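Me: Hey, I've just opened this one and I'm new to it. Can you walk me through it?

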Amino acid sequence: MKKIFLFLILILSAATLFAQVKEQAVTKSSVIFHIKNLGFTVDGTLAGFKGEVKFDPINLAASTITASVDVNTIDTDNGTRNDHLKSDSYFDAAKYPGITMKSVSLKHNSGNRYTGTFSLTIKDKTNTINMPFTYIETGSSAEFKGNFQIKRSDYGVGESSMVMSNDVKVDISVTTAK
């Protein structure tokens, strides 16, 4: 009986070891947002991307994606606006310097299309979002491209603004080494 028990533990341990997904190093990234302000679309970027990507299209249950960007890197091509967005009226970058996303679940749709459910945290407020994305492997790299839309008021960003849209569109592109 002990031998059978030990054999089962050995098999389960080996299965767990092989089920783990290897981390992919992020080699390139971009985070671009779009929002209407006074009727005009303002585009901006966030840099300082840090991510931990463990993605296996065959083993989505063991796959995870965690990412963050540095609020202090916000760039709308207007220094005054950038400083205003970093202020406590908007992102409060001094108190909340990062925006984070953590995968909750990943689902294959068809072909190279997936949907990720993520916890998105901005200014210590966390909400669940769904982000459709593509995953394309090319040679020794892989590219993730996705987008989502949020309401800035759900995160307490620019609450008093009457001229800025509440809807923010975000495009994310990440290239990893396989």
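This is a predicted model: local features need pLDDT of at least 70, side-chain atom pairs count only at pLDDT 80 or more; totals for chains, interfaces and linings use all residues.

Me: Start simple. How many helices and strands are in the chain?

Reply: The chain has two helices and eight strands. Reading from the N terminus, the order of elements is α-β-β-β-α-β-β-β-β-β.

Me: What's the average pLDDT of the chain?

Reply: The average pLDDT is 91, and 89% of the residues score at least 70.

Me: Which residues have pLDDT under 50?

Reply: Residues 5-18 stay under 50, and the model gives them zero contacts beyond four places in sequence.

Me: OK, on to the strands. In which sense do strand 1 and strand 2 pair?

Reply: Strand 1 (residues 25-37) pairs with strand 2 (residues 40-54) in the antiparallel sense, over seven bridges. To see one spot in that pairing, find isoleucine 32, which stands opposite threonine 45 in strand 2.

Me: And how many residues sit between strand 1 and strand 2?

Reply: Two residues, and the strands form a hairpin. Leucine 38 is in the turn and has a positive phi of about 55°.

Me: How many salt bridges does the structure hold?

Reply: Three. Another one is between lysine 178 and glutamate 137, at 3.4 Å from N to O. Lysine 178 lies in the segment after strand 8 and glutamate 137 in strand 6, so this pair ties together parts that are 41 residues apart in sequence.

Me: What about lysine 151, which side chain does it meet?

Reply: Lysine 151 meets aspartate 167 in a salt bridge, at 2.6 Å from N to O. Lysine 151 belongs to strand 7 and aspartate 167 to strand 8, so the pair ties together parts 16 residues apart in sequence. Lysine 151 counts as partly exposed because its relative accessibility is 38%, and aspartate 167 counts as partly exposed at 28%.

Me: Switching to the inside. How many residues are in the largest nonpolar core?

Reply: That core has 40 residues, and the ones with the most contacts inside it are Phe55, Phe91, Leu120 and Phe148. Strands 1, 2, 3, 4 (98-110), 5, 6 (125-138), 7 (141-151) and 8 (164-177) each supply at least two residues of the core. As background, nonpolar side chains tend to be buried together in soluble globular proteins.

Me: Which residues is phenylalanine 91 in contact with?

Reply: Leaving aside neighbours within four places in sequence, phenylalanine 91 is in contact with Val71, Ile74, Leu85, Lys86, Tyr96, Ile99, Ile122, Lys123 and Val157.

Me: How about threonine 117, buried or exposed?

Reply: Threonine 117 counts as buried because its relative accessibility is 17%, under the 20% cut-off. Threonine 117 lies in strand 5 (residues 113-122). Beyond four places in sequence, its contacts include Lys102, Val104, Thr128 and Asn130.

Me: And serine 141, where is that found?

Reply: Serine 141 is in strand 7, and at 26% relative accessibility it counts as partly exposed. Not counting residues up to four places away, serine 141 touches Ile136, Thr175, Thr176, Ala177 and Lys178.

Me: Last one, for the chain as a whole. What share of the residues count as buried?

Reply: Of the 178 residues, 35% count as buried. The chain exposes about 10,700 Å², and carbon and sulfur atoms supply 57% of that. As for contacts between residues at least 6 apart in sequence, 55% join residues at least 24 apart.

Methods. Residues are numbered from 1 along each chain as its sequence is written. Side-chain values use heavy atoms; hydrogens and water are left out. Two strands pair if DSSP finds at least two bridges between them. Helices (H or I, at least four residues) and strands (E, at least two) are DSSP runs, numbered from the N terminus. Buried means under 20% relative accessible area, exposed over 50%, partly exposed in between (1.4 Å probe, protein chains only). Contact means heavy atoms within 4.5 Å. A nonpolar core is a set of buried Ala, Val, Leu, Ile, Met, Phe, Trp, Tyr and Cys residues joined through side-chain atoms within 4.5 Å. pLDDT is the predictor's confidence in each residue, from 0 to 100. A salt bridge is a side-chain nitrogen of Lys or Arg within 4 Å of a carboxyl oxygen of Asp or Glu. Accessible areas come from the Shrake-Rupley method with a 1.4 Å probe; for residues, only the protein chains shown count as cover.
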